[in-house]
Each structure stands twice: as structure tokens, then as C-alpha cells.
Amino acid sequence: MIRNIYFPQTGSPQVDLPLSALRSALADPKGLLWVNLEQPTDEEYQSVLANLFHFHPLAIEDCQTSGYQTPKIDDYGSYIFLVAVAIAAGANLGDFRTEELNIFLGANYVVSAFHVAQMPPVTKLWQRLSRDERLHNNGSDFLCHALLDYLVDDYLPHLDTLEDEIEQLEDEVLKKPDPTNLSKLTQIKHFIMALRRVIAPQREMINNLSRDEYPMIDRQSRIYFRDIYDHLVRIYEMIDVVRDMATSTLEVYLNATSVRLNEVMKALTIVSTIFLPLSFVAGIYGMNFKFMPELNWIWGYPLVWLVFVLISGGMILFFKSRKWF
């Protein structure tokens, strides 16, 4: 689906123009045009990206590629091509998914394209256009900044969710370690590492936008991209903090499991230690020798039980005096 909005220098915005009208809007150097391709077909790629904007075939090929691409910037002179990565809507610990957002930034236009029916950062920005005049009064570079800013801000709720999950798991582990806790911790660590692999190259991409000189980004707008870069740096630091929290919680789980296992082994060792001398005495009188003095003694059986009780009681008192249990 193709959505577009055109902001002329004077007059009200025009929404969802036909392709024929987009050519005249694109030819207006003082206006601003945003074309958004949501889950486009090959024909829509061809009609908009190739026939209307005449983008480079390699950039169009990157847009059509559905596999994961590392965030990057390609400078084509009159425009730049950006590949940004957003966390897919509905992604959770057991299913970490990302969506690629392709952006073409020119002097008076922004073209965005993605492979899903809806992308939250784009939807939020589209809804904000009518309320914030800065988005279209400050040029295409500011609109591109706002789009990337929403994309980066969308990382924060996932990090907050991870922190809450880890804190809850830590409380559960301290109360009673369970194998399900280990499974959740493993999922959290995988989620964190996957998110870290996404943010690291994206941070460098935004850093290039804030420092390198591109003709479609003026000097005053670079500070806004630098602000996004600062957000990514903080998010990257938060990821390291969350990763350390997950690692420490995992260590707590392993230690709690080890302590619990030691308690069980201590109880079993005490029981086996008590029964060891009892087995020795029972083994002696269980031998099949015909001439044993105590076999024909009327008090032999009660005496053996008395020995059993004395040995068991004495060993229990000894263990308690040593505070072994």
C-alpha cells in the first residue's frame, strides 16, 4: 500500500495523491513530500522507487530484500539511502524479531518502505504530523530525524520489560529455584544479545549522520541526529546493565541450586552414615556360622536392638553438637 502526504509552502497538506500528482509535488523544491510504502508489491516498488524517484537499482534491490540487513548509509549524491532496524511489533522473549525500515532522504522528500503491514514508529509519526508543524516546517531532514527518533525510542519499552522480568525472576530464584527460571533467563540473555547486535551498527549509522556532511542535512539539523545518537549510547549502556543483571541472576540461580543440592546431599550423607554401623552389626549377626555365642542367648535379640538405638542416638547427638544439621 502506498501512502503519501505533501506539504506545499503555502496551503493545507494534501494526503494520498495519485502518482501523476506526486511528480509535480516532487518538482516543488520548497515543499515537502513523504511517501510511505507499507508492505508494497513489486509493481509498487517499480512505479514509485524506479519510475517516479529514479533511485539506484541497488538501493531498490536492498528495499525488496526481506532478509536481515545491517543498518547502513549509502550516499548517492542527490539523496542518501538508510537501512534502519526496528523491533517487530509483538516480539517477546521467546520470539525476537526485527523489521527493516528503508529510508530515502532527499532535499525535499522522504520515502520510507518496509515489508510488514504496519510499523509502530511510522504509525506514531504519521499520527503526529497533523499536531506538530515542526515536522514539515523544518524540512525533510527533520522529518527523517523524527522517524528515526521514534524507531529508537521504541527500544526502551522492551528494555523496561526485560528489567522487570529479571527482577521478578531474581525474587523467584531466591525463594525457590525452578528449571523454568533457567529457561526464562536463557531467553532473556538471547534477547539481550540479539538486541545488542542490532543497536551497535545502528549507533554508528546515526553517528555518521550527525557528523558527516550530507547536502540534504543542514548543520543545524545534525544536532537532532546527535541527540538520537546519545539515546542509542544510553540504550547500549542499559543493555550492558540488563545483561549484567541477567548474568548475576543466573549466578544466583546456580548458587541457590547448588546450596539446595548440598542440603539434600548432607541429609542423605547423615542417613547413610547412621545406617553404616547398623549395617555392620546386622552383617555380623547375619553370618551363617553355626557356633556363635549370642545366637542361643535369650536376651541376644533385644540387646542387638539396644545397640542399634544407642549407636543411632549417639551419632545423632554427635552430629547436632557439630551443627551438621
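Guide: Arg222 counts as buried, because its relative accessibility is 10% and the cut-off for buried is under 20%. Keep in mind that this is a predicted model. Arg222 sits in helix α9, which spans residues 222–285. If you skip its neighbours within four places in sequence, Arg222 is in contact with Leu209, Ser210, Arg211, Asp212, Glu213 and Ile217.

Stay in helix α9 and move along to Arg243, which lies in that helix too. Arg243 is partly exposed, with a relative accessible area of 25%. Leaving out residues up to four places away in sequence, Arg243 touches Ile192, Met193 and Arg196. There's also Leu185: 58 residues separate it from Arg243 in sequence, but their C-alpha atoms are 10 Å apart in space.

Now zoom in on β7. Six of its six residues are buried, and both of its faces are covered. Tyr109, Val111 and Ala113 are buried on one side, while Val110, Ser112 and Phe114 are buried on the other. On one flank, β7 pairs with β3 in the parallel sense over six bridges, and there Leu33 stands opposite Tyr109. On the other, β6 and β7 pair in the antiparallel sense over four bridges, with Ser112 as the bridge partner of Ile103. Two residues sit between β6 and β7, and the two strands form a hairpin.

Carry on from β3 to β1. Strand β1 (residues 2–7) and strand β3 (residues 32–38) run antiparallel and are joined by six bridges. In that pair, Arg3 stands opposite Asn36.

Step off β3 towards α2 and you reach Gln39, in the loop between the two. Most residues other than glycine have a negative phi. Gln39 isn't a glycine, yet its phi is positive, about 50 degrees. Its relative accessible area is 46%, so Gln39 is partly exposed. His54 counts as exposed, because its relative accessibility is 58% and exposed means over 50%.

One last stop, on the surface. Trp297, Ile298, Trp299, Leu303, Leu306, Val307 and Leu310 make up a nonpolar patch there, with about 750 Å² of accessible area together. Take Val307 from that group: it belongs to helix α10, residues 300–321. Val307 is partly exposed, at 31% relative accessible area.

Methods. Residues numbered from 1 in each chain as written. Predicted model: local features only at pLDDT ≥ 70, side-chain atom pairs only at ≥ 80, totals over all residues. Heavy atoms only, no water. Pairing = 2+ DSSP bridges. Buried < 20%, exposed > 50% of the residue type's maximum accessible area, 1.4 Å probe, protein only. Patch = residues over 30% accessible without salt bridge, like charges linked within 9 Å, V, L, I, M, F, W, Y side chains within 5 Å. Areas by Shrake-Rupley, 256 points an atom, 1.4 Å probe, with all protein chains shown as cover. Salt bridge = Lys/Arg side-chain N within 4 Å of Asp/Glu carboxyl O. Contact = heavy atoms within 4.5 Å.
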